[in-house]
Every structure is written in structure tokens, then in C-alpha cells.
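The paragraphs below are meant to be read with both in view.

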Amino acid sequence: SWNYSFWLGTVSAALLFLLVLSGLPLLFLYIPSVERAYASVKDIEYVITFGSWIRAVHRISAHLMVAAVFLHLVRVFLTGAYKNGTGQNQKREWNWVIGVAMLLLTLFLSFTGYLLPWDQLAYWAVTVGTNIASSVPYVGPATRELLIGGRTIEQATLIRFYVLHVLFLPMLIGVLFGYHMWRVRKDGG
């Protein structure tokens with residue numbers, strides 16, 4: 001029902017599909033090199049036919065997906081849809097946890113995509129983000145080194161965030177999304 005769900009889950013799924021669709025041409029046009037990343041983004045925008053449109057669709061869809069997933073979780077929380085109903089073997093609380101994990105993955109996808117142009121904003125975002133990660137007790141410094149590929153922000157850092165953005169995070173979100181939808185159907189959603 002439109003009044004109850006506002007179709008926010010469907011909107012989130014449609015935006016994820018649009019992001020994959022618009023990301024595929026960008027995958028082949030972007031060059032993940034510290035020396036060439038910024039120029040390749042400018043080439044996509046100003047040289048490639050419809051490149052600026054494809055990049056704009058990808059960027060705006062990413063912003064909208066963050067908002068839609070957040071609003072979807074707010075709606076589920078406020079309506080109590082995460083609570084088990086009268087059916088047997090429902091695991092709606094577990095599906096809520098999966099939804100929160102997908103929100104965190106969506107935020108991390110947005111962060112990694114923000115870094116790919118490799119301009120000054122991206123460099124300082126990596127610096128601030130990885131410094132925040134390094135403040136976690138015990139595992140923080142090792143996590144920072146794992147994320148940036150050493151002790152300094154350089155080529156290894158860009159490659160790691162690129163691989164996270166185009167391979168690992170989308171695969172993980174796809175698996176969680178498939179399980180999430182299966183749980184919704186199984187629990188009577």
C-alpha cells in the first residue's frame with residue numbers, strides 16, 4: 001500500500017539497479033590511477049558522448065539511494081515493521097539487522113565513490129575518513145593501513161577504494177539484498 005510503505009524499499013531497489021546500470025559504462029571509462037583519475041573523470045564529463053549525463057545519473061542516484069534507504073529504515077522503525085507478526089518462524093528482527101547493514105554498506109559505497117575523482121576533496125576525505133577509522137581502539141591503526149595500503153595515501157589507496165567500490169561492496173550489497181527480499185517474502189511482507 002502506498003500510504004503504509006511509501007514504496008521506499010522499491011525505490012531503493014530501483015536506484016540500486018540504476019546505479020549498476022549507469023556504473024557499467026563508467027567502469028570502462030574511468031582510469032584508477034593517481035596521475036590519470038582526475039583527467040579521466042573530466043574526459044567522461046566533457047569528451048565522451050553522453051558522459052556527463054551518465055555520470056550525473058550515477059551521482060544523483062547515489063545521493064537519492066542514501067536518502068531512500070535511510071527513509072526506508074526510519075519508516076520500518078516508526079511503524080514497528082521490524083517486529084515479528086503472528087506467523088511461524090519469522091525473523092523480522094534479523095531482517096532489520098540486515099537492513100541496517102545494507103544502509104552502512106550504502107554509506108560506504110557512497111564514500112568510496114566520492115573518492116574516485118582523486119581531487120583535493122577526495123584526498124582530504126580519505127585522510128579524515130581513515131584517521132577516524134584509526135581511532136578505533138586496538139584495531140584502528142591496522143584498519144587504516146589496510147584501507148590505504150600502507151602508511152601513506154597513494155596509488156595503492158586509490159586502487160583499494162576502486163576495487164571496494166566496483167567489486168566487493170556491490171557484491172556484498174547484492175547478496176544481502178537477495179537475502180533481505182527472500183526474508184521479506186517469507187515473513188509475509
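This is a predicted model: local features need pLDDT of at least 70, side-chain atom pairs count only at pLDDT 80 or more; totals for chains, interfaces and linings use all residues.

Residues are numbered from 1 along each chain as its sequence is written, and side-chain values use heavy atoms, with hydrogens and water left out.

The secondary structure of the protein chain comes to eight helices and zero strands, where helices (H or I, at least four residues) and strands (E, at least two) are DSSP runs numbered from the N terminus. Read from the N terminus on, the elements therefore run α-α-α-α-α-α-α-α. The C-alpha trace of the protein chain spans about 60 × 50 × 25 Å along its principal axes. Of the 189 residues in the protein chain, 35% are buried, a word that here means under 20% relative accessible area, with exposed meaning over 50% and partly exposed lying in between (1.4 Å probe, protein chains only). If one takes the contacts (heavy atoms within 4.5 Å) between residues at least 6 apart in sequence, 66% of them join residues at least 24 apart.

Two packed helices are described by the angle between their axes and the distance between the axes. Helix H5 (residues 92–115) and helix H6 (residues 120–134) pack at an angle of about 135 degrees, and their axes are 8 Å apart; such axes are lines fitted to C-alpha atoms, for helices over the stretch in contact, and the angles run from 0 to 180 degrees between N-to-C directions. Angles under 35 degrees count as roughly parallel, over 145 as roughly antiparallel, 65 to 115 as roughly perpendicular and the rest as oblique, and H5 and H6 are therefore oblique to each other. Where these two helices meet, Phe111, Tyr114 and Leu115 come from H5, whereas Leu121, Ala122, Ala125, Val126 and Gly129 come from H6.

How many salt bridges does the count come to? The rule asks for a side-chain nitrogen of Lys or Arg within 4 Å of a carboxyl oxygen of Asp or Glu, and by this rule the count is four. One of them joins lysine 42 to glutamate 45, with the closest N and O atoms 4.0 Å apart; both residues lie in helix H3 (residues 37–46), three residues apart, which is about one turn of the helix. Glutamate 45 also meets arginine 55 in a salt bridge (2.2 Å, N to O). Arginine 55 lies in helix H4 (residues 51–79) and glutamate 45 in helix H3, so the pair ties together parts that are ten residues apart in sequence. Lys42, Glu45 and Arg55 are thus linked in a network of salt bridges, in which lysine 42 is partly exposed at 30% relative accessible area and arginine 55 is partly exposed at 22%. Glutamate 145 and arginine 151 form another salt bridge (3.2 Å, N to O); here glutamate 145 is partly exposed at 32%, while arginine 151 is exposed at 66%.

Valine 166, found in helix H8, is partly exposed, with a relative accessible area of 33%.

Several single residues complete the picture. Serine 33 lies in the loop between H2 and H3 and counts as buried at 14% relative accessibility; leaving aside neighbours within four places in sequence, serine 33 is in contact with Gln155 and Leu158. Histidine 72, in helix H4, is buried with a relative accessible area of 19%, and, not counting residues up to four places away in sequence, histidine 72 touches Leu8, Gly9 and His180. Tryptophan 7, in the loop between helix H1 (2–5) and H2, has a positive phi of about 55 degrees although it is not a glycine. Phenylalanine 50, in the loop between H3 and H4, likewise has a positive phi, near 65 degrees, and is exposed, with a relative accessible area of 60%.
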